[in-house]
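The following note sets out points for a colleague's review of the model shown below.

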Amino acid sequence: QLMSPVDRRRMVRAYRTLATALGEVPGIWLEPKGATVAVHYRAARAPNRRRARAVVEQLVARQPGLDLLLGKKIWEIMPDTGVDKWRAIQYILKRERRSGRRTQLYLGDDTTDERVFEKMIGLTIVVGKRHRSAARFYLRSPAEVRKLLERLADRWK
């Protein structure tokens, strides 16, 4: 159990608040993830994005113990625990080292992946439009990711 009951209740409340305020806003959709709530705004027009951002920022400001992570066309509300993708990867790597696995490969397409790209030793790959990144390698699209993974899988058979 990685999430405390207090944080779990906090996230349920956050989701309900967002659903009430944003449930009918065109182009905005909510994704309850259990430990977090994602507010997607990719399909929203500018006025709806501004409205949604104001609601999200007010929620985080008014409800203690919440944090806001800005991603690519997404706002992610989460408990303010100091956990991020890098800490999650560290946990996984520590567990995997005990099992003897050594290959480390991390692919990401979001600004939230940059900390992992900066810290992880191994193969780091940014996917999507070329931009400044700490990743060591770059792939243009999910189709290229699929080709890479298929080739790796063939080699490891």
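Is Asn48 buried or exposed? Asn48 is buried, with a relative accessible area of 19%, where buried means under 20%, exposed over 50% and partly exposed in between (1.4 Å probe, protein chains only).

1. Basis of the note. This is a predicted model, in which local features need pLDDT of at least 70 and side-chain atom pairs count only at pLDDT 80 or more, while totals for chains, interfaces and linings use all residues. Residues are numbered from 1 along each chain as its sequence is written, and side-chain values use heavy atoms, with hydrogens and water left out.

2. Secondary structure. The protein contains five helices and seven strands; helices (H or I, at least four residues) and strands (E, at least two) are DSSP runs, numbered from the N terminus. Read from the N terminus, the order of the elements is α-β-β-α-β-β-α-β-α-β-β-α.

3. Overall dimensions and surface. The C-alpha trace spans about 50 × 35 × 25 Å along its principal axes. Of the 157 residues in the protein, 35% are buried. The exposed surface comes to about 10,900 Å², of which carbon and sulfur atoms supply 53%; accessible areas come from the Shrake-Rupley method with a 1.4 Å probe, and for residues only the protein chains shown count as cover.

4. Contacts along the chain. Contact means heavy atoms within 4.5 Å. Among contacts between residues at least 6 apart in sequence, 38% join residues at least 24 apart.

5. Charges. The protein has 35 positive and 17 negative charges, and their mean positions are 1 Å apart. Lys and Arg count as positive and Asp and Glu as negative, whereas His and the chain ends are not counted. Each charge is placed at NZ of Lys, CZ of Arg, CG of Asp or CD of Glu.

6. Helix α1. This helix covers residues 5–22. Its 18 residues reach 25 Å from the first C-alpha to the last, close to the 26 Å expected at 1.5 Å a residue; the expected span is 1.5 Å times one less than the number of residues. The buried residues of α1 are Asp7, Arg10, Met11, Ala14, Leu18 and Leu22. They lie on the same side of α1 because they cover an arc of only 95° around the axis, the arc being that of the directions from the helix axis to the C-beta atoms. On the other side of α1, Pro5, Arg16 and Thr20 are exposed. The packing partners of the buried residues are β1 (29–32), β2, α2, β3 and β4.

7. Asp7. This residue of α1 is buried at a relative accessible area of 11%. Leaving aside residues up to four places away in sequence, Asp7 touches Pro79 and Thr81.

8. Helix α2. Residues 46–62 form this helix of 17 residues, which reaches 24 Å from its first C-alpha to its last, close to the 24 Å expected at 1.5 Å a residue. Its buried residues are Asn48, Ala52, Val55, Val56, Leu59 and Val60. Their arc around the axis is only 130°, so they are on the same side of α2. The face turned away from the buried side carries the exposed residues Arg50, Ala61 and Arg62. The cover over the buried residues of α2 includes α1, β2 (37–40), β3 and β4.

9. Asn48 and Ala46. Both Asn48 and Ala46 belong to α2. Asn48 touches Val25, Pro26 and Ile28, not counting residues up to four places away in sequence. The C-alpha atoms of Asn48 and Pro26 are 7.1 Å apart, although the two residues are 22 apart in sequence. Ala46 is partly exposed, at 28% relative accessibility. The C-alpha atoms of Ala46 and Tyr15 are separated by 22 Å, with the residues 31 apart along the chain.

10. Lys73. Most residues other than glycine have a negative phi. Lys73 sits in the loop between β3 (66–71) and β4 (74–79), and Lys73 is partly exposed, with a relative accessible area of 37%.
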